[in-house]
Each structure stands twice: as structure tokens, then as C-alpha cells.
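Dear colleague,

Please find below the structure that I am handing over to you. My findings follow it.

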Amino acid sequence: MFAAALAFASCSTDVEKPQLAAPAGDNYPAPVLENFADIIVNSDNSTENVSFVCNKVDFGLSLPVRYQLYLTKDGQEVHVATAYTNVITLIKSDINGTAMNSFGASANTEVELGAYVIAYAGESQIRTEKSNTVTFNVTTYRAALRTWFVCGVYNGWDAGSAPAIWETTGGSNIYAGMYHLTEDADNTPGYSGFKVLPDRAWGGDLGYDAFPSHSANIESSNDGNLLLPAGIWRLSVNIGASSIDAVKVGRFYLAGSWSSDGWSSDFIELVYDPSTNVWTSAAPLSGDTDFKVCYTDESGNITWLGDTGTTADNMPEGRTDAIELGEGNNLKAPAGSHYVVVYTDRTPYLVAYE
């Protein structure tokens with residue numbers, strides 16, 4: 001029995017923990033990316049898939065391999081896709097959007113891009129060297145803006161009425177908007193849960209695990225929802241790169257000529273209504289009143305949004321009077337008395353009146 005006990009003890013102490021099998025040297029060998037054909041993007045083929053293929057990478061254990069694809073031009077590089085297979089698929093409009101919005105290419109022109117891949121061991125930061133860079137030409141076109149949707153506690157988890165989040169520019173696959181996320185006191189006190197949906201319906205929705213890259217303030221609920229502290233947040237969602245960022249906003253309001261202290265007091269709060277997906281002033285403005293839309297960050301710094309003189313080309317349905325907000329002149333309410341309506345589900349934000 002004594003001998004048996006010794007044998008058992010020996011077995012229990014000699015078991016080795018699984019380790020990644022490191023090759024000679026400090027780095028894992030780079031994958032090899034196959035050549036990629038030139039593409040022409042237009043309104044008829046913008047949703048077609050294209051695939052970048054490299055050899056399979058083996059880190060020495062049975063664990064998933066995470067492949068990240070980057071596009072490059074003139075020293076710039078953009079992470080555009082993450083996949084758990086060595087065949088990384090994009091749609092043509094994503095490549096078109098990267099060429100135009102990240103690298104500054106014009107519509108209806110040919111631009112040369114590069115592509116390379118880095119492979120990671122699971123969710124760790126253990127990685128290969130960069131693959132070889134393959135080059136190809138892209139003929140661009142001006143894509144229409146697309147929408148995803150943000151559904152969560154703040155709209156009662158009603159997918160059918162989920163507020164939109166618009167592409168920043170056509171084909172970029174980067175979506176941004178500002179939302180007032182309300183507290184779920186029963187399930188996640190102090191926090192608000194949400195998911196990102198491709199359509200106003202459940203299915204294909206993206207929770208915490210869909211975004212390996214995210215802001216430090218974003219957490220995961222027990223059931224996999226994205227969690228942020230309750231409050232006003234500016235969200236930026238990069239679908240291709242599987243990343244999501246969130247910036248806290250302090251206050252969102254109007255400041256104007258009615259102030260008794262040089263636009264520094266008597267602010268008019270803007271109130272968010274997820275059922276209509278707009279912010280509306282808590283009080284109406286009289287005609288010919290000068291004002292700007294403003295918001296603060298957590299440090300109290302103010303961002304001022306004025307009249308750019310540009311009528312929006314992505315107007316809300318039925319509107320013909322929405323103006324893009326940005327660095328510009330004071331806004332002036334039309335004659336009469338009007339509530340100010342601000343659309344922050346698109347970039348740039350829009351202002352209109354009712």
C-alpha cells in the first residue's frame with residue numbers, strides 16, 4: 001500500500017500543464033497569404049463576397065486560431081476583419097469603404113491596396129509575424145449609407161423598434177451614434193445592457209463575445225450582452241474589425257442667445273426618446289433665436305455643433321429640412337415657436353424642427 005501511495009503521489013506531481021510549442025527563436029513563423037485579384041466595386045456587385053486565403057497556422061495545441069486581416073496603402077494600415085478560419089471573407093463594399101474612407105481614395109477611381117494577415121493563438125496576444133503583403137487594385141464607387149441597430153434595456157429590448165446606428169460614410173462598415181442608455185436596476189444595477197443587430201429582428205445579433213476589441217469600460221453581462229454604466233454614450237462599431245468603442249458624454253443640450261451669461265447658463269436639456277430615435281429640446285425656441293447644440297465629456301469639455309450650411313443627404317424619412325451639424329455658424333430657429341430635434345444615430349449629426 002505504501003508503494004502504491006508513492007506511485008500515486010508521483011503521478012499527481014509530474015503532470016505538466018499544456019504549453020504552446022515554441023519553435024526556435026522568439027516568434028512563430030508568418031503565414032503565407034495567397035495573391036488576390038483586382039476588383040471593381042459598383043452598385044450591382046457591392047454585396048458580393050471576396051476571400052483572402054492564407055495557409056493554416058498551428059500553435060501546437062488544439063485551440064482556435066484567430067486570423068486578423070489588414071489593408072494598407074502608402075504606410076497606413078487598417079484592421080478590417082477577424083476570422084477563425086484561414087479563409088477571411090469580406091464583402092466588396094467593405095473594401096471599397098476602406099479605400100475611400102480610411103485611405104482617402106475618390107469615387108470611381110482605381111487605387112492600389114496591400115493586404116497582410118497576422119495569426120493569434122485563441123484570444124491571447126501570442127501571435128505570428130506578419131504575413132507577406134499582397135497588392136491588388138480596387139476600382140471604387142460612392143456607396144449608399146447602411147444601418148445596423150442598437151437594441152437594449154433603453155428601448156425595452158424591442159428588436160422591431162430598435163434605434164438605428166448609421167454608417168459614418170458609405171461602405172466604411174463603421175457605424176456611430178449617441179444614445180442614452182438607461183439602467184437595468186433589476187438585473188444589472190447601475191448598468192445598461194445592449195446588443196448590435198444587423199436588422200430589426202433577433203438573429204445575427206452581436207453581443208460581448210462578438211467584439212474581441214472593445215473599450216475598457218464595456219463589460220459583459222451573465223448572458224453575454226454588452227454592458228455600459230447607465231448614461232449618455234457615443235458608440236462606434238466597426239463590424240469588419242469586430243471592435244466597439246464607447247465614449248461617455250456628460251450633458252447634451254442647447255446653448256444660445258437667451259442665456260444671461262454669454263451662452264454659459266440657462267442651458268436647454270435635450271431628451272432622448274428611443275421610440276423615435278431622436279433628441280428633442282425640453283422647451284421650444286422662438287423664431288430667429290441664435291443657438292448651438294452642445295455636449296460635454298466627463299471632464300466638462302464642451303463640443304459645439306453649429307450650422308454647416310449643408311442639407312443632409314441621409315435625411316430621416318419624410319424630412320426635407322434636416323441640416324448637418326459640425327463646425328459652423330450659429331443655428332437660427334425658423335419663425336414661430338419650435339422644438340429642436342437632433343438626430344445622433346448618424347455622422348454628422350442632423351438638426352431639424354417641429
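Is Thr-128 buried or exposed? Thr-128 is buried, because its relative accessible area is 0%; buried means under 20% relative accessible area, exposed over 50%, and partly exposed in between, with a 1.4 Å probe and protein chains only.

Please note that this is a predicted model, in which local features need pLDDT of at least 70 and side-chain atom pairs count only at pLDDT 80 or more, while totals for chains, interfaces and linings use all residues. Residues are numbered from 1 along each chain as its sequence is written, and side-chain values use heavy atoms, with hydrogens and water left out.

Thr-128 sits in the loop that links strand 6 (110–121) to strand 7 (134–139); strands are DSSP runs (E, at least two residues), numbered from the N terminus. Leaving aside neighbours within four places in sequence, Thr-128 has contacts (heavy atoms within 4.5 Å) with residues including Tyr-28, Val-57, Phe-59 and Ile-118.

Finally, the whole structure contains zero disulfides (pairs of cysteine sulfur atoms within 2.5 Å). Cys-151 counts as buried, at 0% relative accessibility, and Cys-294 counts as buried, at 0% relative accessibility.

Yours sincerely

Definitions and conventions
Helices (H or I, at least four residues) and strands (E, at least two) are DSSP runs, numbered from the N terminus.
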